[in-house]
Amino acid sequence: MKEISELLPALDVLIRGLGKHFGESVEFVVHDYKKDFARTIVAISNGNVTKREVGDSGTSIGLKIMHGEEADEGKFGYISQTKDGRYLKSSTIYIKDEQGKILGSLCVNCDITDAMIARNFLNSYVGSGEDEKVEATVYNNVDDLLISLINESINYVGAPVAIMNREQKIDGIRYLNNKGAFKIKNASTIVSKYYDVSRYTIYNYINDGQNLNDTSE
């Protein structure tokens, strides 16, 4: 197998069946990582959970996969969050070719918001349990994800862009590169506006001018 499209008819039937079995609070998504990151979703069941559809983008977890930061068979049982604040229990199962290269993924997102509210209510009385760490945020479009990553990079540096020196801007832009932000189409153009530098300067900030993993060319 060399393409997700070879499995897509079977995967589409599978996730639609699973969606009917588990109900509308559990979403099943198939991503094709050979596509532009803004359009990796090629099949989805119960898209009402994250308000996404075929042709929409993935999450920051997908960016890490495309950037080569994820390995093994997948990532299981992590907490993610929708843009409107709903909590999800999520798992990502990698779909690989014969050589072990990740071609795409099958993702499961279960809406646990009501359960989290109930747990927090009980914890306020019994005083136990820790808050779950959110590891991914689900956005309806890739631009929102990029803006979120840019804000993360600014928080990472610890200073507003207006007062950042050259070294701080380098740290912020390298943070974005390490997060896979430049896999997003036109990312360097948007980042250059936020950081008030040219695209050429961004390229120079990363590995002494080595090319970013940017699909905007």
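In the predicted model, H31 touches I4, T40, I41, V42, R52, S57, G58, L103, G104, S105 and C107, leaving aside residues up to four places away in sequence, where contact means heavy atoms within 4.5 Å. H31 is found in strand β1 (residues 26-32), strands being DSSP runs of E of at least two residues and helices runs of H or I of at least four, numbered from the N terminus. With a relative accessible area of 4%, H31 is buried; buried means under 20% relative accessible area, exposed over 50%, and partly exposed in between, with a 1.4 Å probe and protein chains only.

The model is a predicted one, in which local features need pLDDT of at least 70 and side-chain atom pairs count only at pLDDT 80 or more, whereas totals for chains, interfaces and linings use all residues. Residues are numbered from 1 along each chain as its sequence is written, and side-chain values use heavy atoms, with hydrogens and water left out.

Helix α4 (residues 142-157) has 16 residues and reaches 23 Å from its first C-alpha to its last, close to the expected 22 Å, the expected span being 1.5 Å times one less than the number of residues. Among the buried residues of α4 are V142, L145, L146, L149 and I150, and what covers the buried residues of this helix includes α2 (60-66), α5 (166-178) and α6 (187-195). An α-helix has 3.6 residues a turn, so residues three or four places apart point the same way. Just after α4, G158 takes a positive phi of about 90 degrees.
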